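Have the sequence and the 3D view open as you read.

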Amino acid sequence: MASDDAQSTDQPTLTKSELVAYISQEQPQLLGQDVELAVNSILDCMSRALVGGERIEIRGFGSMTLHYRPPRIGRNPKTGEKVQVPEKYVPHFKPGANLRNRVDENYKGK
């Protein structure tokens, strides 16, 4: 996992290319090109589902839905000037119980 300079914290980040490499190592019978095609296909299918307003549910992992954000008055952080922020829909991920428990167990006592 690589470090992401765009984030303010020093958390490691798993990139798509690293995911493909990891799966290729774990499944040596699969060609790297096939793994990359599969990962890209899955992500594309998930993106199309969200764009179409569908809910994505992967049992044991989590679900993704769209959340509506109404228009509001915001502030420009540099100038303090009021700015109109338009309405938007944003993807929202809710982890499943299995994933939540695995993450919690890993970080207990650290």
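Strands here are DSSP runs of E with at least two residues, and helices are runs of H or I with at least four, both numbered from the N terminus. S63 is part of strand β4.

First, some ground rules. The model is predicted, so to speak a computed one: local features need pLDDT of at least 70, side-chain atom pairs count only at pLDDT 80 or more, and totals for chains, interfaces and linings use all residues. Residue numbers start from 1 along each chain as its sequence is written, and side-chain values use heavy atoms, with hydrogens and water left out.

On confidence (pLDDT, the predictor's score for each residue, from 0 to 100), the protein chain averages 91, and 91% of the residues reach at least 70. Residues 3-7 fall below 50, and that stretch has four contacts in the model beyond near neighbours in sequence; contact means heavy atoms within 4.5 Å.

Now the sheet. It is open and antiparallel, with three strands in the order β3-β4-β7; strands pair if DSSP finds at least two bridges between them. Because β3 and β7 each have a single partner strand, one side of each is left without a neighbour in the sheet.

| Strand | Residues |
|---|---|
| β3 | 56-58 |
| β4 | 62-69 |
| β7 | 88-95 |

β4 and β7 pair over eight bridges, and Y68 has Y89 in β7 as its bridge partner.

Back to S63: at 11% relative accessibility it counts as buried (under 20%; exposed is over 50%, partly exposed in between, with a 1.4 Å probe and protein chains only). Leaving out residues up to four places away in sequence, S63 touches R55, I56, E57, H92, F93 and K94.
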